[in-house]
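Welcome to this short briefing.

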Amino acid sequence: MQPDTHVYLDYAATTPLDHRVRAAMEPYFSDLFGNPSSLHFAGQKAEAAVERSRQTVADILGCTPDEIIFTSGGTESDNLALRGAALAAARQRGADRILISPVEHHAVLKTAEDLAEHFGFRLEMLPVDSFGRVDPDDVRKRLAPSTAVVSVIYGNNEIGTINRVAEIGRACRENSTPFHTDAVQAAAHLPLPVERLTVDLMSLGGHKLYGPKGIGVLYRRAGVPLHAVSTGGSQEGGLRAGTHSVPLIVGFAEAFRLAQDEAARRLDGTDLRDLLLAHIPESAPEILVTGHPQERLPNHASFVVRNLDGNQLVAALDRAGFATSTGSACKTGDPEPSDVITALGLTRDWSLGSLRVTLGRPTQRVDVESFVEAFPRIVEAVRALGRTAR
Ligand SMILES: *Cc1c(COP(=O)(O)O)cnc(C)c1O
């Protein structure tokens, strides 16, 4: 049976392109098609658009334009930050340790694992508390001259928890160790003053903040050593070769500007998120909130449901017309809890049943209310299925 309505509640996975952003991008697909690296008038117009965009992003972060590197997205920004900083630190000072949290996005975790497996680095995991937060003192204790780079996520994509990035950054700065934060989720909701956050490297992505897919930014504080990951032309200070995608760069800057403006005016829908955090756990037996109850992204609610397969729950919710997601990746019928949920210390009977519900600009109160109303019946149906299967 097809549901009557479809309610999208998965804005942490991606967001729709804002129509204002689309309008700003439009001319750069056709009329203003020049290559910013060309010397002639067509190239100059394209270059001016790229540099205006770079200035816009720099103004928001409180940095200089030459500290902004345009990439193809959050994943590439994370790769350039970790690979670039690790390889430069190895070459310049023989550092061989990488320190990350166990609740990183795979773009950071898999990159760090690759550096450990194939490039001679030692990977060390910071502890996290039951909310998925890193204690800045633990970072301070583990820092050593051999630490090449530290990476701790700002706003968590799976559990919403916000890390104390500024304090972690200060610990790293005191030890002259480059500090990277993945702010891809945070960028749509939290101010990102790089000086106050004490970050050396920070990743942003366009499609998580109502911008286009395929575009991101890496903030790199001036002077922080970085080894280029892609080589070729001299674009982006020689750190990211390849012809600029002018429309995507223009779109990123406009989307970021609008998102930060809305966040500053607190149009973030915290009240609807709190409605979910309050009502979902009491709507059926054995449901817990994951991540921090308050120190979390304003659009983000996440849960674990005991003795239930999160993938089955997400599928059942989808059949009922609600788009949500789970943290656990299902490997050919053998579901494994995600690394993030596992790091919270939950036992397997809880950790397999993770659910993420994330709100966005188009979300209405009635969408959330209808979700809360439908939820207990759907959980019970999935549980009943599980009982007959067992
Ligand atoms: C989505 C996401 C990424 C990857 O960004 P893409 O632009 O999709 O490559 C990295 N980190 C976090 C926290 C994310 O949510």
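Helices (H or I, at least four residues) and strands (E, at least two) are DSSP runs, numbered from the N terminus. Keep in mind that this is a predicted model, where local features need pLDDT of at least 70, side-chain atom pairs count only at pLDDT 80 or more, and totals for chains, interfaces and linings use all residues. Residues are numbered from 1 along each chain as its sequence is written, and side-chain values use heavy atoms, with hydrogens and water left out.

**Loop residues to look up**

- Most residues other than glycine have a negative phi, and most peptide bonds are trans.
- Glutamate 286 has a phi near 60°, a positive value in a residue other than glycine.
- Glutamate 286 is partly exposed, with a relative accessible area of 36%; buried means under 20% relative accessible area, exposed over 50%, and partly exposed in between (1.4 Å probe, protein chains only).
- Serine 176 is not a glycine either, yet its phi is positive, at about 55°.
- You will find serine 176 in the loop between helix H6 (165-174) and strand E6 (179-182), and serine 176 is exposed, with a relative accessible area of 61%.
- Aspartate 200 also belongs to a loop, the one between helix H7 (194-197) and strand E7 (201-205).
- Aspartate 200 is buried, with a relative accessible area of 3%.
- From aspartate 200 to glycine 242 there are 42 residues in sequence and 24 Å in space, C-alpha to C-alpha.

**The sheet of three strands**

- An open sheet of three strands runs in the order E9-E10-E14, with antiparallel pairing; two strands pair if DSSP finds at least two bridges between them.
- E9 and strand E14 (354-358) are the edge strands, each pairing on one side only.
- From one strand to the next, the twist averages 25°; axes are lines fitted to C-alpha atoms, for helices over the stretch in contact, and angles run from 0 to 180 degrees between N-to-C directions.
- Five bridges connect strand E10 (residues 300-305) with E14 in the antiparallel sense.
- Alanine 301 has valine 357 in E14 as its bridge partner.

**The sheet of seven strands**

- An open sheet of seven strands has the order E2-E8-E7-E6-E5-E3-E4, and its pairing is mixed.
- Its edges are strand E2 (68-71) and E4, each of which pairs on one side only.
- On average, neighbouring strands of this sheet are turned by 20° against each other, direction ignored.
- Strand E5 (residues 147-151) is mostly covered, with five of its five residues buried.
- E5 runs parallel to strand E3 (residues 97-100), and four bridges join them; isoleucine 98 has valine 149 in E5 as its bridge partner.
- E5 also pairs with E6 in the parallel sense, over two bridges.
- Towards E6, valine 150 stands opposite phenylalanine 179, and serine 151 stands opposite histidine 180.
- On E3, Arg97 and Leu99 point one way while Ile98 and Ile100 point the other way, and all are buried.
- E3 and strand E4 (residues 122-125) pair in the parallel sense over four bridges, and the bridge partner of isoleucine 100 in E4 is methionine 125.

**The ligand and its surroundings**

- Which residues are around the ligand? They are Gly73, Gly74, Thr75, Asp78, His105, Ile153, Asn157, Asp182, Val184, Gln185, His207 and Lys208, where a residue is near a molecule or strand if one of its heavy atoms lies within 4 Å of it.
- Helix H3 (residues 74-93) gives the most to this shell, with three residues.
- By class, the shell has two nonpolar, seven polar and three charged residues; Ala, Val, Leu, Ile, Met, Phe, Trp, Tyr, Cys and Pro count as nonpolar, Asp, Glu, Lys and Arg as charged, and the others, Gly among them, as polar.
- Aspartate 182 places a polar side-chain atom 2.6 Å from a nitrogen atom of the ligand.
- An oxygen atom of the ligand lies 2.7 Å from a polar side-chain atom of glutamine 185.
- In the side chain of lysine 208, an N or O atom is 2.7 Å from an oxygen atom of the ligand.
- Taken alone the ligand exposes 390 Å², and the protein buries 88% of that; accessible areas come from the Shrake-Rupley method with a 1.4 Å probe, and for residues only the protein chains shown count as cover.

Methods. A polar contact is a pair of N or O atoms within 3.5 Å; within protein, one must be able to donate a hydrogen and the other to accept it, and residues adjacent in sequence count only if both atoms are side-chain atoms.
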